[in-house]
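Reader: Could you walk me through this one? I'd like to start with the strands and then move on to the inside.

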Amino acid sequence: MKIVKLLIACGLASTINLSCNQMKKEKMNESVSETPIAKSKYEKNIDPDDFTTTIEGDSVRFFVLTNANGMEVTFTNYGQRLVSLYVPDRDGEFKDVVLGFDNLEDYRAKKNFYGAVIGRYGNRIAKGKFTLDDKTYDLAINNNENHLHGGLVGFESVVWKVDEQTDNTISFSRTSPDMEEGYPGNLEVRVSYILTDDNALQISYEAKTDKPTYLNLTNHSFFNLKGEGEGTVNDHVVLLNADKFTPVDSGLIPTGELQDVAGTPFDFRNPKAIGKDIEVDFEQLKLGNGYDHNFVLNEVPKNRKGLTFAARVVEPNSGRTLEVYTSEPGVQFYGGNFLNGSDIGKSGKAYVRRGSFCLETQHFPDSPNHPEFPSTRLEPGETYTSYCTYKFGVTNN
């Protein structure tokens, strides 16, 4: 009897025309749609119903995480996007410190990466090509002549399954099919978030493949510690734990060199304002229209979990701070150079040029074409893992 039931469940009986995969998909949609729709404690401009829909049979919803200190993070499973992130200043006032929109349609209509998980490959791949085991793969071209952040329909533009959620945790997963955007291998990906009571957002990535492939996952949140839409971040004071960075060509593709930051505007080993040297006559600043470069992280210091300290950012007026820890060898520091005021955010304010910064923990850009860089190759039987912590605090200085 059990065998008969199994055959029917998998659609092998002639009277049932439903595959196991379809049943799993329906079960996933059912579990997501049964989850109660939470509302943000702080966000008055967001109606969760504006994030509730079905896209090609997949349920999209709005999710809220909280901790004991009143911190709040919201997500949509469309693109696995972090929609808002409320943290206190030195006076206890909570503000949303990430850029984004107040409805799903703007995320879908505008090509952007606000708050999204990036895949399969964070950052650029030259000419949209790489060779793997003597076979050349052609990727989608979506950044001038290069491939950026996974292609035309990257991980930011698909619906993710929500595996589980508690008050302060959420896990997303999906299978990226073989040759999606040109990448080989069926890739099973899982990303989990924990909002801790010491005001840290911990992100863990895990993936497996059935063919050799390249993989470089990251989170692409755009931060402004004054509050989203509150002007430029040029006055934010940044420390980067990096003695070297990877200079780029005119297409923002690494040249392969590891250049010392000493004596350049890229020296953030001692804290300085983002805008202090941004107008210096320096070729790399001109090529990036400001800072949009990968920094090679020093191997120490590490936190108690063994993650490398990557960066610290201080917003002087509010006192809000952000520290970044990672298992990755690099971090992309981007100063919002290509924002132009055309995007109107959740608070109804324009996102101006240099109105945010990103700290994307990662392997180096274009690593598949630079064997001298740390490898991003993933083999069948291996498990890809990556960890990033964004820890928020305040300073009275």
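**Strands, cores and a pocket**

Author: Strand 12 and strand 13 form a hairpin with 3 residues between them. Strands here are DSSP runs of E, at least two residues, numbered from the N terminus. The model is predicted: local features need pLDDT of at least 70, side-chain atom pairs count only at pLDDT 80 or more, and totals for chains, interfaces and linings use all residues. Residues are numbered from 1 along each chain as its sequence is written, and side-chain values use heavy atoms, with hydrogens and water left out.

Reader: How many bridges join strand 12 to strand 13?

Author: There are 4, and the two strands run antiparallel. Two strands pair if DSSP finds at least two bridges between them. Glutamate 164 stands opposite serine 171 in strand 13.

Reader: What order do the strands of the open sheet have?

Author: The order is 12-13-14-15-28-24-23-18-21, making 9 strands with antiparallel pairing. Strand 12 and strand 21 are at the edges with a single partner strand each, so one side of each has no neighbour in the sheet. Further in the list, strand 24 and strand 28 pair over 7 bridges, and arginine 320 has valine 394 in strand 28 as its bridge partner.

Reader: Changing topic. Which residues have the most contacts inside the largest nonpolar core?

Author: They are Leu85, Phe295, Phe333, Phe357 and Phe392, in a core of 59 residues. A nonpolar core is a set of buried Ala, Val, Leu, Ile, Met, Phe, Trp, Tyr and Cys residues joined through side-chain atoms within 4.5 Å. Strand 14 (residues 187-195) gives the largest share of this core, 5 residues. Apart from this core lies another, of 19 residues, including Phe101 and Tyr351.

Reader: And the second largest pocket, what is its lining like?

Author: The lining divides into 8 nonpolar, 10 polar and 5 charged residues.

Terms used
Nonpolar A, V, L, I, M, F, W, Y, C, P; charged D, E, K, R; others polar. Buried < 20%, exposed > 50% of the residue type's maximum accessible area, 1.4 Å probe, protein only.
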